[in-house]
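Student: I would like to work through this structure with you, one question at a time. Could we begin by looking at it together?

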Amino acid sequence: MFWRQSVLSCTTTLFAALALGLAGNVVAATPTTTSHTPATRAASSDVWYEIFVRSWVDTNGDGIGDLNGVTAKLDYLQSLGVSGIWLMPINPSPSNHGYDVTDYYGINPQYGNMQDFEKLLAEAHKRGIKVIMDLVMNHSSDQHPWFRAALDPASKYRSWYQWSQPGTDLDAISATGTPAWHARGKQHYLGVFTGAMPDLDFDNPAVRQEMIRIGHYWLEKGVDGFRVDAVQHVYLDFKADTDNPQILAKNIAWLTQFRAGMDAVNPHAYIVGEVTQPSAEKLAPYFKPLSAVFDFPLAEKLIDSARQERNDGLDQLLAHIDNTYRATTGRSGVDAPFLSNHDQNRVMSQLDGNAQHMRMAAAMLLTLPGEPFIYYGEEIGMRGQKPDPDIRTPMRWNRATHASGETTWRAGHDAPAISVEAQHGDPDSLLNFYTRLIHWRSQVSALRGGRLTPYNVDNKQVVAYRLDDASSHVLVTHNLSGTPQTITPDKTRNVLLQSKPGVALQDGVLHLPAYSTAVLQ
């Protein structure tokens, strides 16, 4: 079966080269048509790719990434195999991160204009790539015209924000562990994150109606959905309310109203929420109004398992997650697993630069049901540790950091080998490893939506689980360790996919080389 993976490896490497204009003299593989809509499109991988536009590609030479740069690299994303992209905030904002919006209907002029965005949507959709955008609904910028007007107690926007009253505890701690109240003259307003991000008051029907109107606007533009920022904090404002069921009920009620509003425009819109809760039970209620939520506890467990080279209950956790979400939604494959994002130390840094551990973390992520998310640069092993700007550094396209298209708004941390240019032609690179795994998901439907059942093996260096859907039934096995391992499957199976040479099924015994993954059917 290894020949099948060798062919796929070469093919995906070639696609990446063609997309980058780096395929040398490979002429025979050049497509004879410029159409991006083939008659028979491969199945979706259901993998999303998070992009910080500022750090992606600079097309006008100002050192800052832009929307035209995203469009320019759609062929790269298509060759990688992703099905959708998540754009971090692209609205006007006084910050470099964009999570303090000053105009919910506009485009950050540093990134381009509305025509650039519409072109990006059209070109992405031609390639079968969906686009979701960050929607920062919990708070606005303190520079937003709404908030500036609200400083006047007589303004109609006064009630759009939350102000202290006589008896308010101005020393209260917010749900994020920061001061909750912020002074503006003699007035105090609520800002769960910072004073630059005043919280909107969703008990005000006008605020709710406006947020639904904003959602409609972007869906009608052609956006395929939203990543909703800080969704649990719409009502979870204070640390003292962390486990208050009434607060949870208010959050769910609002999100249900928002979901119904979006359904009126696009009932298939994908809406994934940022909910930083520690367990499946606490995440599950959000699956009722939302398409998915990010699985923070699973991310921690996946990285820890790769680091420790050990299965300490990972398989049981995976089954518990699947069962819990299935009880809420009635189906499997609804999770949104990931390894890290723009708020966390990059995976390669969490794993202390261990490339084998990085590969096993990726292999586990990309063989899980649901819709996994990859943070830009993860596929080439970019590193970065807090503060936040150091985990959002420029994407490395070329060995040279000042090559055409490279963003230079902030210095990166990585050597020239940590670049797309250095890795695209190497079939053993991390980039091509990610590409192979993502393409596996297009081949095997159970990897996308199968029901997960742990497969118990008497070997803590191996994690295994069955995935079953209506059309495919597979056993996924990972050798997390640096030494060969064996397991004995419960019935006769065939090796369908493998991550490296040496996987063998002999006399009913599966032989797994060090740091390898195999999918059996």
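This is a predicted model: local features need pLDDT of at least 70, side-chain atom pairs count only at pLDDT 80 or more; totals for chains, interfaces and linings use all residues.

Tutor: Residues are numbered from 1 along each chain as its sequence is written, and side-chain values use heavy atoms, with hydrogens and water left out.

Student: How are α4 and α6 oriented to each other?

Tutor: Two packed helices are described by the angle between their axes and the distance between the axes. Helix α4 (residues 114-126) packs against helix α6 (residues 205-221) with the axes 10 Å apart and at an angle of about 60°, where helices are DSSP runs of H or I with at least four residues and strands are runs of E with at least two. Axes are lines fitted to C-alpha atoms, for helices over the stretch in contact, and angles run from 0 to 180 degrees between N-to-C directions. Since angles under 35 degrees count as roughly parallel, over 145 as roughly antiparallel, 65 to 115 as roughly perpendicular and the rest as oblique, α4 and α6 are therefore oblique.

Student: Which residues of α6 make the contact with α4?

Tutor: Contact means heavy atoms within 4.5 Å. From α4 the contact takes in Met 114, Phe 117, Glu 118 and Leu 121, and from α6 the residues are Tyr 217, Trp 218 and Lys 221.

Student: Which residues are linked with Glu 123 in a network of salt bridges?

Tutor: A salt bridge is a side-chain nitrogen of Lys or Arg within 4 Å of a carboxyl oxygen of Asp or Glu, and by this rule the count comes to 20. Glu 123 forms one with Arg 127, the closest N and O atoms being 2.9 Å apart. Glu 123 is buried at a relative accessible area of 17%, as is Arg 127 at 10%, where buried means under 20%, exposed over 50% and partly exposed in between, with a 1.4 Å probe and protein chains only. The network linked with Glu 123 consists of Asp 75, Lys 126 and Arg 127.

Student: What is the relative accessibility of Asp 304, the salt-bridge partner of Arg 307?

Tutor: The closest N and O atoms of Arg 307 and Asp 304 are 3.4 Å apart, and both residues lie in helix α9 (residues 296-308), three residues apart, about one turn of the helix. Arg 307 is partly exposed at 30%, and Asp 304 also counts as partly exposed, at 31%.

Student: Which side chain of opposite charge is nearest to Asp 315?

Tutor: Asp 315 is found in helix α10 (residues 314-329). Leaving aside neighbours within four places in sequence, Asp 315 is in contact with residues including Leu 452, Pro 454 and Tyr 455. Lys and Arg count as positive and Asp and Glu as negative, with His and the chain ends not counted. Asp 315 is buried yet has no salt bridge, and the nearest side chain of opposite charge, 6.4 Å away, is Lys 460.

Student: Where does Ala 230, with its positive phi, lie, and is Ala 230 buried or exposed?

Tutor: Ala 230 has a positive phi of about 50° although it is not a glycine. Ala 230 lies in the loop between β6 (225-228) and α7 (245-263), and with a relative accessible area of 2%, Ala 230 is buried.
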